Each structure stands twice: as structure tokens, then as C-alpha cells.
Amino acid sequence: MHFYEVNFDGLVGPSHNYAGLSFGNIASQNNANAIANPKEAALQGLRKMKSLHDSGLVQGVFAPHARPDTRTLRALGFRGTDQQLISQAAQKAPHLLRACYSASSMWTANAATVSPSADSQDKKVHFTTANLANKFHRAIEAPTTERLLQAMFNNEQHFSHHPALLSGQHFADEGAANHTRLCDSQGHQGLEIFVYGASSFNPAIKKPARYPARQMLEASQAIAHLHQLDTQHTLFLQQNPDVIDMGVFHNDVIAVGNENVLLFHEMAYLNSQSAMAKIKAAYPGQRPLHLIEIKQDIISVEDAVSSYLFNSQLVSLPEGGMALIAPSECQHNDKVATYLAVLQQADNPISQIRYYDLKQSMQNGGGPACLRLRVPLSSQELGAVNQHCLMSESLYQTLTLWVKKHYRDRLSDADLADPSLLLECQTALDTLSQLLNLGAVYDFQR
């Protein structure tokens with residue numbers, strides 16, 4: 001039986017804007033109130049998906065959430081028609097309106113944590129929706145994310161879905177952005193590495209001082225239990241609190257792994273040498289394990305964050321070897337580009353470096369790895385996936401035309417007060433849900 005790592009990329013929604021909502025995410029804060037281009041953002045993402053599909057990889061599409069989130073506005077006391085909600089919120093609470101308009105669901109690395117059937121005791125693929133409790137504009141995503149996952153992976157024989165963990169900071173969970181799996185190949189038992197920023201119940205564990213820790217140890221432990229993972233092949237490593245305070249809000253901003261390769265910055269983990277020793281001891285594979293450390297004097301944390309080097313995707317190619325799917329910002333940083341040229345020629349499985357223009361997403365604080373949810377699947381499991389959500393030449397052409405028809409090419413903070421934007425977004429997503437055969441996943445459809 002064949003096994004695949006399928007990347008489900010978030011399709012950027014029509015309300016893509018720069019509101020600077022994510023405290024601790026330097027790019028998000030630095031570009032607050034800039035003019036966004038939703039149409040170009042979605043097309044950039046689609047071009048990346050199509051390119052990976054054309055390389056022989058299985059590529060999926062993860063639909064955006066309906067924004068503005070009128071359900072949340074009503075829960076906060078606003079009344080009347082949807083259009084009246086927008087006008088009231090724009091006048092009385094523009095900060096809440098910005099949050100309810102956020103297109104942050106595009107970063108599907110935060111949608112859920114996924115464990116493949118090769119690792120789980122019941123031999124099912126497990127999904128736990130992230131609660132994203134640390135940020136209001138993201139904490140409202142879980143109900144729609146759960147419905148989308150159910151619509152995409154709707155087969156109880158192969159897939160097990162778990163709702164988001166208890167809301168609140170004690171079990172704050174940011175999904176796959178703080179989870180890495182190392183293995184010989186996708187069908188073999190893997191080592192699942194959960195990276196946390198702090199503990200809710202153990203005050204002896206060091207916390208960052210400037211920016212919040214978004215992933216709690218207790219959340220990661222709960223997910224490992226829910227997914228029925230083998231404790232011998234499950235690790236909980238702490239992210240270095242100092243790099244969180246330098247703008248590394250998720251582990252996938254400072255480390256990236258795939259199969260038997262882990263590329264990481266020397267400051268990524270607290271007590272890095274001990275962390276690497278634990279990985280070597282728990283790794284269940286037979287292939288050589290490549291733990292590639294980048295020193296601070298080669299690439300600083302500041303350069304890593306500004307270029308999003310580690311927020312690249314690392315994918316296995318059908319012809320052999322691996323490709324690093326990097327944002328074009330890496331190409332424009334001399335230190336990073338020089339390092340990647342050397343890495344490509346070194347004795348490791350990374351044989352290609354591919355650069356992609358994802359500027360619209362990057363300016364809001366998310367690179368190639370943020371945009372995708374990795375789902376390892378067997379051929380049988382892949383056959384049970386909603387096939388309308390898998391990239392193809394025809395789907396690419398259909399979605400490109402859909403974006404060009406429904407998306408604006410300019411969106412500012414002031415435009416969020418325009419009630420017609422709500423109708424535009426709902427019309428677009430109503431059509432999309434039919435194209436992807438999702439059913440009534442959005443509140444306005446229910």
C-alpha cells in the first residue's frame with residue numbers, strides 16, 4: 001500500500017486584510033493598517049498549490065472561513081440585520097469588527113493537530129481541532145474548522161475527529177504549527193514531537209517574558225492521549241522562551257521537519273543538546289537521522305524571523321530527495337540565500353530549494369508552512385477523502401476564475417465598515433462550498 005503526505009493549503013479568504021491583530025508576530029504588527037490585495041493573496045496561494053501538484057505531490061485545498069463572523073458579533077451584543085451589525089460594530093467597536101473580519105484561517109497549520117494511522121493505537125487518522133485560545137480573532141475559528149474537517153475527512157472507518165480542547169489559556173493549543181513528525185517514510189511508525197511554550201500547572205517551567213506562550217504543555221499531552229500515541233515514540237520538548245520573546249511565536253518559525261530530516265536553529269529548543277539526544281533515542285526509524293542545526297553566527301534569529309527560513313515546507317519528492325519550499329524573502333536575504341545554496345549541496349536529503357512569492361501572506365505573518373496542514377494518508381485513506389478538495393488542473397482553473405470574479409484587489413481598514421463587503425464574501429463562499437462539495441459548513445448557510 002502506498003502512503004502520501006498530503007498538504008492541505010488554506011485558500012486565502014476574500015476578507016484578507018492587515019489589521020495587526022497578532023501580538024508576538026512581528027510581521028503582523030509591522031504591517032498593521034497596510035493596504036491588502038485579497039485577490040493577489042489567493043492567487044499566490046493557488047499558484048503554490050498548483051506547482052506542488054505539478055511536481056507529483058498530492059495537494060489539497062482547505063476552504064476559508066466566512067468573514068465577517070456575524071455569529072460572534074451577535075454573541076457580543078450587536079443586533080439587527082447583518083448589515084446593521086457591521087455598521088454598529090464599525091462605529092462602537094472597530095477593534096472587534098477587525099477581529100471578526102480576520103482571514104487568519106488561511107494558515108491551516110493552526111487548524112488542527114494530525115496523527116496518522118501508522119502512529120495511533122486504533123490505526124485511524126486522528127484530528128484535534130486547535131482552540132487557538134491565545135488570540136481572540138483566532139479563538140472564534142474552532143466551530144467552522146471542525147465542520148470543514150468533517151466535510152473533508154468524512155469516513156468513520158478511517159478518520160477520528162476530536163473537538164477543540166477546553167477553551168482558555170490552561171489548554172491553549174495552536175495545532176500542527178507546534179508539532180513535527182519524524183519517520184523513515186509516511187507509512188512507518190513515526191516519532192511525534194510536540195513543542196510547547198509553557199506549562200499551565202508547573203510554575204517551575206520557564207516562561208517567555210515579553211510575548212505570550214501560545215502552546216501549553218498540558219494541551220500537547222492531552223492531544224497525545226486523544227490520538228492514542230505510543231509513549232515511547234512521543235516527545236514533549238520546550239521551545240526556547242528567549243526566541244518566543246524575539247518573535248518566534250510558533251515552533252514552525254524556528255524549525256522544520258520531514259521524514260528523517262529536522263532543520264532547526266540552535267536556539268529553537270530549551271536545552272538543545274538534551275532535546276536532540278531525546279530525539280535520537282526515541283526515533284523508531286532505520287534510516288540515518290539528519291539533525292541539521294543552524295548556528296546563530298551563521299543565521300541570526302532576527303534573519304530567520306524576517307526571512308521565515310524555517311517556515312518553509314520540507315517535502316519528499318516522487319523522484320527522490322527533498323525540496324525546501326521557501327518564501328522569496330529567503331532569496332532576498334544574502335545570508336539565508338548563501339546558506340541554502342550550501343545546504344543544497346551538502347550531504348543530506350535536501351536536493352532542491354524552491355522559492356515562492358507569498359508576499360501577501362508573509363506581510364501578515366505566515367509563510368509556506370503556515371499555509372498548509374500536513375495529513376499523512378494511505379492510498380485507502382486518500383480514497384476516502386472528499387475528492388473535490390484535491391488539487392487538479394481543472395480545480396486550479398476553476399478556483400482561479402472564482403477568485404478573479406469574487407475578490408477585491410484592494411482592501412483597507414476603512415473598507416471593513418462597508419456592509420456590501422459582507423455580502424460579497426458570503427456570495428463567494430456559498431459558491432465555493434458547492435465547488436468543493438462541502439455542504440452547509442458556514443453559519444450563514446445553516
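Helices and strands here are DSSP runs, numbered from the N terminus: a helix is H or I over at least four residues, and a strand is E over at least two. A loop can then be placed by the elements on either side of it. L132, for example, lies in the loop between β4 and α6 (136-139). The phi angle of L132 is near 50°, a positive value in a residue other than glycine. The model is predicted.

The peptide bond from R67 to P68 is cis, and its omega is near 10°. P68 belongs to the loop between β2 (59-62) and α3 (70-75).

Now turn to the strands. β3, β4 and β5 form an open sheet, in the order β3-β4-β5. The pairing in this sheet is mixed. β3 (112-115) and β5 (159-162) are the edge strands, and each of them pairs on one side only. From one strand to the next, the twist averages 15°. Helix α7 (residues 142-152) packs on this sheet. Helix α7 touches β3, β4 and β5, and its direction makes about 160° with that of β4.

Look at one pair within the sheet. β3 and strand β4 (residues 125-129) run antiparallel, joined by 4 bridges. A112 has T129 of β4 as its bridge partner.

Strand β10 (residues 261-265) and β11 run parallel, with 5 bridges joining them. F264 stands opposite E293 in β11.

The helices come next. Start with helix α16 (residues 393-406), which meets two others described here, α17 and α2. The axes of α16 and helix α17 (residues 419-435) come within 10 Å and cross at roughly 170°. An angle over 145 degrees counts as roughly antiparallel, so α16 is roughly antiparallel to α17. On the α16 side, the contact is made by T398, L399, W402 and H406. On the α17 side, T427, A428, L429, T431, L432 and L435 take part. By class, the residues of this contact are 6 nonpolar and 4 polar, with no charged ones.

What angle do the axes of helix α2 (residues 38-54) and α16 make where they cross? They cross at roughly 175°, and they come within 10 Å. α2 and α16 are therefore roughly antiparallel to each other. From α2, the contact takes in K39, A42, L43, L46, R47, K50 and H53. From α16, it takes in E393, Y396, L399, T400, V403 and K404. The contact of α2 with α16 has 6 nonpolar, 2 polar and 5 charged residues. Charged residues are present here, whereas the contact of α16 with α17 has none.

The largest pocket has a volume of about 290 Å³. It is lined by 16 residues, and F3, Y4, E5, L57 and S316 are the closest to its centre. β1 (3-10) and β12 (313-316) are the elements that give two or more residues to this lining. The largest share, 4 residues, comes from β1. The lining of the largest pocket divides into 7 nonpolar, 5 polar and 4 charged residues.

How many cavities of 30 Å³ or more does the structure hold? There are 7. The second largest cavity holds about 180 Å³ of space. Of its 15 lining residues, E5, H179, R181, R374 and P376 are the closest to the centre. The elements that give two or more residues to this lining are β6 (179-182), β9 and β15 (372-378). By class, the lining of the second largest cavity has 5 nonpolar, 5 polar and 5 charged residues.

Note on methods
Residues are numbered from 1 along each chain as its sequence is written. This is a predicted model: local features need pLDDT of at least 70, side-chain atom pairs count only at pLDDT 80 or more; totals for chains, interfaces and linings use all residues. Side-chain values use heavy atoms; hydrogens and water are left out. Two strands pair if DSSP finds at least two bridges between them. Axes are lines fitted to C-alpha atoms, for helices over the stretch in contact, and angles run from 0 to 180 degrees between N-to-C directions. Contact means heavy atoms within 4.5 Å. Angles under 35 degrees count as roughly parallel, over 145 as roughly antiparallel, 65 to 115 as roughly perpendicular and the rest as oblique. Ala, Val, Leu, Ile, Met, Phe, Trp, Tyr, Cys and Pro count as nonpolar, Asp, Glu, Lys and Arg as charged, and the others, Gly among them, as polar. On a 1 Å grid over the protein atoms alone, a cavity is a set of points where a 1.4 Å probe fits but cannot get out, and a pocket is an open set with protein on both sides within 12 Å along at least five of seven lines; lining residues have an atom within 4 Å of a point. Grid points are joined across faces, edges and corners, and a volume is the space filled by probe spheres set on the points.
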